[in-house]
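Please look through the structure below before reading on.

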Amino acid sequence: KKIVTKKILPLLMSVVLISSLFVGCRKETNGGKTNNSDEITITVLNWMDTDYTDAPMMREIAKKYSEEHEGINIEIITDSGVDSAAVAQLAQAGAMPDVFFVSDLYSTVVNDWSIDLTPYFEADPRTENYVQYLRDLMTYNGKLHGMCSLILGNCTLVNVDAVNKYNLQLPGYDWTIDEYMNLVLGTTVRGESIGAHIAQDMLRYLPMQYDPTLNWYSFDMEKYAFRFDDAWIKSVNKIKEISDAKASITESIDQMGREWTIADADEAEAVLSTRLTWMQDNIGTLEDPWLTGHLGTTIFGSWTIPTMESQALWSDFEWDIYPFPVAEKGNSPAAPQMVEFMSVSTACPEEERQAAYDFLSWFCLSEEAYQFKADYIKNYSHAQAVADNPDLPYETIARQLVLGFVPPVKDECFTKIMYETYPELAKKEGWRWMWENIDKGYCDLSRIVPGWNEAYLNYINESLIVSIYSGKRTAADMAKEMEELCNAEISERLSEMVGK
């Protein structure tokens, strides 16, 4: 059978994290325990183990589950990647794992890698408060192709000291897009500070603030197509305003050229030098602009904030965590998320699929597993991890682990674990907002919508940088053209999924 793969943007994460906020936990039982004398081995491929940084933790999780479930042995795969190309290689070699990381829905459906989880999911008491939109995203042609293994939050950080230094008004947590613009522009002072790092990232969120029927990056889930209409045009024009004011790092220096796109080494070096000179002259530093207090606002993920919290540089200035700004006062901010999915493979023998699902459910949804991860992280020792795992490359084993995600279940027991892990962060309203609203969220669609990455990289990103921010064309001029090109990418891949 032909294996179809799809390149996806890797989720860059150097640490493991965990967080939460929900309502009413049930006690865990050993429901998956079996008295069978014949041991079942369930092989598992997940990003947590294949990059080695947290493979030691994954192995401890497997050990715990195997010890507590008689007749079940969980075997962690650590010698393969997790993207669709890596999974395709395993499938072609007849080594497809029983439980695997779903890197993208398209490849999973086209190659028939996943069983339909629906009957297992619907019989599982742990899924009672599972976030519904995540189930909907992974359901294609009536079949559920993946269970969410974690939710990571996104938020905006505000440099409170910079706001005060430049005599600006600190907005409330119900701030608007106009107030965000005032902060970005107002904290941009040549040679001292700049308002944003990558303002364009706001385009993931702004269109749906203007039009709640839209999703991530102006995608309409009901029509299953990009809609670059008034909400998108208005959002792009806001970022263009920031770009014109030289109030965002990336939008400013990308107009000078991007050295990684230039083949000639000398020319690339000259472009890089120009970019660095601009940064020094305009921001006042070539060090991390946020950690050194030279950045007014920035977008952060929950997987990074706890690691930054522990760095002494943060103590040099006051900062706060904000939800994303809304179009008008009184509107509710959407909660953007990054998510991961796992599933049981069709290569898993039918008689072992229940056992494979039971581990998947326990790993992704149980309070017991989440608490175990939190405890492991609290007590983590790099030296001990190295000593216990001599077969893993020393340089890749994480020196620090962080709890920065929550299970996809609305339940206060997970929030309690998160807040006990990071009591100082729990005092910040913006941090709590991320976890209180997981059921009202929406997520990065790059792993869900077929052709998403091709559309973004080939058309959206290039059009914004080359044509719109440079002033050659306007968002209104390009909207229809971009919409047609992007949706053609989506349609092409959807056609390959017909009948699957």
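A charge is said to sit over a ring if NZ of Lys or CZ of Arg is within 6 Å of the ring centre and within 35 degrees of the ring normal. The charged end of Lys-373 does this with the ring of Phe-363, at 4.1 Å from its centre. The ring of Trp-319 has the charged end of Lys-428 over it, 4.3 Å from the centre.

The model is predicted: local features need pLDDT of at least 70, and side-chain atom pairs count only at pLDDT 80 or more, while totals for chains, interfaces and linings use all residues. Residues are numbered from 1 along each chain as its sequence is written, and side-chain values use heavy atoms, with hydrogens and water left out.

Next come the pairs of rings. A pair of aromatic rings is described by the distance of the centres and the angle of the planes. Rings of Phe, Tyr and Trp (its six-membered ring) pair if their centres lie within 6.5 Å; planes under 30 degrees apart count as stacked, over 60 as edge-to-face and the rest as tilted. By this rule the count comes to 24 aromatic pairs. In one of them, Tyr-205 and Trp-216, the ring centres are 5.6 Å apart and the planes stand at 90°, so this pair is edge-to-face. Tyr-205 is in the loop between helix 8 (177-186) and helix 9 (206-210), and Trp-216 is in the loop between helix 9 and strand 7 (219-220), so the pair links distant parts of the chain, 11 residues apart. Helices here (H or I, at least four residues) and strands (E, at least two) are DSSP runs, numbered from the N terminus.

Are Tyr-205 and Trp-216 buried or exposed? Buried means under 20% relative accessible area, exposed over 50%, and partly exposed in between (1.4 Å probe, protein chains only). Both Tyr-205 and Trp-216 are buried. The rings of Tyr-376 and Tyr-380 have centres 5.8 Å apart and planes at 50°, so they make a tilted pair. Tyr-376 has 17% relative accessibility and therefore counts as buried; Tyr-380, at 16%, also counts as buried. Elsewhere, Phe-219, Tyr-224, Phe-226, Phe-228, Trp-232 and Trp-452 form one aromatic cluster.

Now consider two helices. How do helix 15 and helix 17 lie relative to each other? Axes are lines fitted to C-alpha atoms, for helices over the stretch in contact, and angles run from 0 to 180 degrees between N-to-C directions. The axes of helix 15 (residues 367-378) and helix 17 (residues 412-421) come within 10 Å and cross at roughly 5°. Angles under 35 degrees count as roughly parallel, over 145 as roughly antiparallel, 65 to 115 as roughly perpendicular and the rest as oblique. Helix 15 and helix 17 are therefore roughly parallel to each other. On the side of helix 15, the contact (heavy atoms within 4.5 Å) is made by Glu-367, Tyr-370, Gln-371, Ala-374 and Lys-378, and helix 17 contributes Cys-413, Phe-414, Ile-417, Met-418, Glu-420 and Thr-421.

Helix 17 is mostly covered, with seven of its 10 residues buried. The buried residues are Cys-413, Phe-414, Thr-415, Ile-417, Met-418, Tyr-419 and Thr-421. Their cover includes helix 14 (353-365), helix 15 and helix 18 (429-436).

Single residues come last. Leu-464 lies in helix 19 (residues 452-468) and is buried, with a relative accessible area of 0%. Leaving aside residues up to four places away in sequence, Leu-464 touches Gln-200, Leu-203, Tyr-217, Trp-232, Val-236 and Tyr-469.

Trp-175, in the loop between helix 7 (160-165) and helix 8, is also buried, with a relative accessible area of 0%. Trp-175 and Gly-330 are 155 residues apart in sequence and 9.2 Å apart in space, C-alpha to C-alpha.

Two residues other than glycine have a positive phi: Asp-112, at about 55°, and Ser-218, near 70°. Asp-112 is found in the loop between helix 4 (105-110) and helix 5 (118-122) and is partly exposed, with a relative accessible area of 43%. Ser-218 lies in the loop between helix 9 and strand 7 and is buried, at 0%.
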